[in-house]
Amino acid sequence: MADRKMTQLAAPEAAIASYLDELLHTATSTALQEEQVQPEPEPPKPVKTEAKPVTRTRPRPVVQAPVVEQKAPEPVQTEAPATAPGNDGDAPPARPDWSEEPFECLIFTVAGLQLAVPLVLLGAIHRIEEEIRPIPGSPRWYMGIRPDRDQNLRVVDTAEWIMAGRVPAGARDNYRFVIRLDDSEWGLACDDVAQSFTLRPDEVRWRTARSKRPWLAGTVVDHMCALIDVRTMAHLLVRAEREHHLDLS
């Protein structure tokens, strides 16, 4: 029975292995890669020149020019370059404020990848009972609106948002739940919701540099899952809506 179960799991595990390995590699080596010093260019080779005969000339009297005090030029103000979608110009702090003490986490799965969110920033869990139809002209990562009594929820195709072109075929068909991010208007679609557990800060491999994938706070190696920075994720979604002039209402 165990062998049969392992055979059934082999295909999805092979599909996500490379992506999860990249997450673990990013958590440990991104800072080193970004701080790596570029090699210095080789000095130019000396150019041989032929010596010219020196002719002696009578020195001219030196006339000292009057010293004119010059003012330093004023700095020119330029606009800051726009940042690409999904990457913050100012990277978030290396450690979220909720990471200083032990915290409760919830694991959920998306296209075979395990993700975790801190319970203190989990707004709610909603079951997808009706099909969420996409809005024409919206990006692939935006699924649509899930109506609710208190507040409509903007549902994100989580696989499309975080996997950057590596989404397995038919991943959206497996979504069964939506996890609301804190008190925002955004929710992450997921396949399944697993157990909650308590994490100590030293059990997380925190990222020291977050210029790439700023939503990824770190990885929990024992559970083989990626830990989400909820506030940064919500901020990136709001910014993507604003920068792309999306009408998602």
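I began with S10 and strand S11 (residues 225–228), and found that they pair in the antiparallel sense over four bridges; I note at the outset that this is a predicted model. The two strands form a hairpin with four residues between them, and in the turn I looked up Met224, which has a positive phi of about 50 degrees.

On its other pairing, I found strand S9 (residues 205–206) joined to S10 in the antiparallel sense over two bridges. I then followed Thr219 in both directions: Arg205 stands opposite Thr219, and in S11 the bridge partner of Thr219 is Ala226.

I then traced the whole sheet, which is open and consists of six strands in the order S8-S1-S2-S11-S10-S9, with mixed pairing. Strand S8 (192–199) and S9 stand at the edges, and because each has a single partner strand, one side of each is left without a neighbour in the sheet.

Last I looked at helix H3 (residues 230–243), whose 14 residues reach 20 Å from the first C-alpha to the last, close to the 20 Å expected at 1.5 Å a residue. I listed its buried residues, among them Val230, Met233, Leu236, Leu237 and Ala240, and noted that Arg239 and Glu241 are buried as well. For the packing partners of these buried residues, I recorded strand S2 (113–118), strand S5 (153–156), helix H2 (158–162), strand S6 (177–181), strand S7 (186–190) and S11.

Notes
Residues numbered from 1 in each chain as written. Predicted model: local features only at pLDDT ≥ 70, side-chain atom pairs only at ≥ 80, totals over all residues. Heavy atoms only, no water. Pairing = 2+ DSSP bridges. Expected span 1.5 Å × (residues − 1). Buried < 20%, exposed > 50% of the residue type's maximum accessible area, 1.4 Å probe, protein only. Contact = heavy atoms within 4.5 Å.
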